[in-house]
Amino acid sequence: MGALKDCKIIKKQTKTAIVFEGLFEGKTFLGVDYESPCDYIKKYWDAYKEIYPNGGASLNGNIFECIIYTLLYRENIKPFYTQARVTYVPNIVYDAILYNQSQPVSLSLKTSLRERYKQADLEAVALKYVHRRSKCHLLTISPEEAAVANEKIAKGEIIGLDSVIDCTTSQIDKLIADLKNLTFEEAESKPAVTGNIVK
C-alpha cells in the first residue's frame, strides 16, 4: 500500500497519500536523499508544485503535513502523534504533538498564514494552560508571513506560540536539531494525547 501506511503515518490510502507517494517515481520517502531538513522540505514541495500547480488549499495543506510527518520520521524524532487530541484541552485537534511528560511540543502546520496564526496561537495558549512548560511552534512555507508573525511574537501580540518557523530556511534545521536533543514517549495509560501515533 505504500511507505506512509507501512510506517503508520497514515491509516488508509487517501488521495493525499497517492499524490505524495507518486512525487518521486520508484522512490518512497525513505529513499529520497537530502542534505538538511530544509532541503527535504524544498525537494518535496517543489516536486509537488511542479506536478500539481493548482492543487488547492486542502491538498496543499495535506501534502505539507505529509512532508513534515515524514521528515520527523526520517530524522528519527519519534514517537509523535498526528491529528492529536490532548486530555483536558477540549475541542482542539493538533496537527502534531511530540509527547514528553514534562514538556510536550506541538507543531501547527500551515502552508500560508493570513489570519490562521491566530488560531494556532489560541491552540498554543490552551495547551500551555494545561501543560505550562510545553513548546508550541507554527511551521509554514510562507517566508513573508512568518517574518510578520515573528515580529508579533517579539512585540507580545502573539502570546502562546514560541516561534513561527519558515521551512524554506535554516530555521527548520535548527528546530529539528533542537527536537533531536529531547526524548519523546508514548502517553501514559490514561492518555494525555490520543491520535494516530507514529513510532
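Contact here means heavy atoms within 4.5 Å. The structure is a predicted model, in which local features need pLDDT of at least 70 and side-chain atom pairs count only at pLDDT 80 or more, while totals for chains, interfaces and linings use all residues. Residues are numbered from 1 along each chain as its sequence is written, and side-chain values use heavy atoms, with hydrogens and water left out.

P79 illustrates the use of this criterion. Leaving aside neighbours within four places in sequence, P79 is in contact with L98, F184, E185, E186, I197, V198 and K199. The C-alpha atoms of P79 and F184 are separated by 6.2 Å. Along the chain, these two residues are 105 residues apart. P79 lies in the loop between helix 4 and strand 1 (80-86). Helices (H or I, at least four residues) and strands (E, at least two) are DSSP runs, numbered from the N terminus. The peptide bond that joins K78 and P79 is cis, with omega about -5°. P79 has a relative accessible area of 11% and is therefore buried. Buried means under 20% relative accessible area, exposed over 50%, and partly exposed in between (1.4 Å probe, protein chains only).

Helix 4 also packs against helix 3. Helix 3 spans residues 37-51 and helix 4 spans residues 57-74. Their axes are 10 Å apart, and the packing angle is about 150°. Axes are lines fitted to C-alpha atoms, for helices over the stretch in contact, and angles run from 0 to 180 degrees between N-to-C directions. Helix 3 and helix 4 are therefore roughly antiparallel to each other. Angles under 35 degrees count as roughly parallel, over 145 as roughly antiparallel, 65 to 115 as roughly perpendicular and the rest as oblique. Helix 3 contributes P37, Y40, I41, Y44, W45, Y48 and K49 to the contact. Helix 4 contributes L59, N60, I63, F64, I67, I68, T70, L71 and R74. The residues of this contact comprise 12 nonpolar, 2 polar and 2 charged. Ala, Val, Leu, Ile, Met, Phe, Trp, Tyr, Cys and Pro count as nonpolar, Asp, Glu, Lys and Arg as charged, and the others, Gly among them, as polar.

Helix 3 has a further partner in helix 7 (residues 171-180). Here the angle is about 125°, and the axes are 7 Å apart. Helix 3 and helix 7 are therefore oblique to each other. The contact is made by P37, C38 and I41 of helix 3 with I172, D173 and I176 of helix 7. Its residues divide into 5 nonpolar, no polar and 1 charged.

Y34 lies in the loop between helix 2 (15-21) and helix 3. Not counting residues up to four places away in sequence, Y34 touches D39, Y40, K43, L71, R74 and E75. The side chains of Y34 and E75 are joined by a polar contact of 2.7 Å. A polar contact is a pair of N or O atoms within 3.5 Å; within protein, one must be able to donate a hydrogen and the other to accept it, and residues adjacent in sequence count only if both atoms are side-chain atoms.

Positive phi values occur at Y88 and N91. Y88 is not a glycine, yet its phi is about 70°. Y88 is found in the loop between strand 1 and strand 2 (89-98). At 60% relative accessibility, Y88 counts as exposed. N91 is found in strand 2, and its phi is near 65°. N91 is exposed, with a relative accessible area of 77%.
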